[in-house]
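This note sets out some points to consider while looking at the sequence and the structure together. Please read each point with the chain in view.

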Amino acid sequence: MNQAPPHPLRQCNFCRRVQTESNQWQHLTAVVSAPLTNAVIAAICPRCYEDHVRSHLAGLFRAAVKEPSCALMA
Ligand SMILES: [Zn+2]
C-alpha cells in the first residue's frame, strides 16, 4: 500500500509549487515522486500572493474608487 501524505498537499495555483511540512514551497516533483490524485488542494504561496494577488487587489480597489458603483447612486 502506498504511503499517503498525512494531509492534502497545498499547491499554488500560480507557480504550481507545493507546501512542505517544513512550510517551504517547492516544486511538486521535489516533494513527491508518485502521481497524486485527490491529495492536492489549491492554494497560493506567499511569493505569488505578493506578485499576483496583492497587485491585482490593489488594481480592483483603485478601479472601484475611480468608478463608484451604480448601486450606490441608485
Ligand atoms: Zn506560487
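Predicted model: local features only at pLDDT ≥ 70, side-chain atom pairs only at ≥ 80, totals over all residues.

1. Buried residues make up 8% of the 74 residues.

2. Helix α2. This helix covers residues 46-66, which is 21 residues. From its first C-alpha to its last it reaches 29 Å, close to the 30 Å expected at 1.5 Å a residue. The helix also bends by about 30° at V53. Does α2 lie largely in the open or is it buried? The number of buried residues among its 21 is 0, so α2 lies largely in the open.

3. C48 is found in α2. It counts as partly exposed because it has 18 C-beta neighbours inside 10 Å, whereas a buried residue needs 20 or more. Which residues does C48 touch, leaving aside those up to four places away in sequence? They are C12, F14 and C15. For C15, the separation along the chain is 33 residues, yet the C-alpha atoms of C48 and C15 are separated by 7.3 Å.

4. I44 lies in the loop between β4 and α2. With 18 other C-beta atoms within 10 Å, I44 is partly exposed. Not counting residues up to four places away in sequence, I44 touches C12, N13, F14, Y49 and V53. Of these, V53 is the residue at which α2 bends, and C12 and F14 are also touched by C48. The C-alpha atoms of I44 and Q19 are separated by 9.5 Å, although the two residues are 25 apart along the chain.

5. Two residues with a positive phi. R16 has a positive phi of about 70° although it is not a glycine, and N23 likewise has one of about 65° without being a glycine. Where does each residue lie? R16 is in the loop between β1 (9-12) and β2 (17-19), and N23 is in the loop between β2 and β3 (25-27). Their surroundings can be set side by side: R16 counts as partly exposed because it has 14 C-beta neighbours inside 10 Å, while N23 counts as exposed because it has 7. The limit that matters here is 12 or fewer for an exposed residue.

6. A39 is placed in the loop between α1 (28-31) and β4 (40-43). It has 16 C-beta neighbours inside 10 Å and therefore counts as partly exposed.

7. Q26 in a strand. Q26 lies in strand β3. Because it has 13 C-beta neighbours inside 10 Å, Q26 counts as partly exposed. Q26 and C12 are 14 residues apart in sequence and 9.8 Å apart in space, C-alpha to C-alpha.

Key:
Residues numbered from 1 in each chain as written. Helix = DSSP H or I, 4+ residues; strand = E, 2+ residues; numbered from the N terminus. Expected span 1.5 Å × (residues − 1). Bend = angle between axes of the 7 residues up to and from the residue. Contact = placed C-beta atoms within 7 Å.
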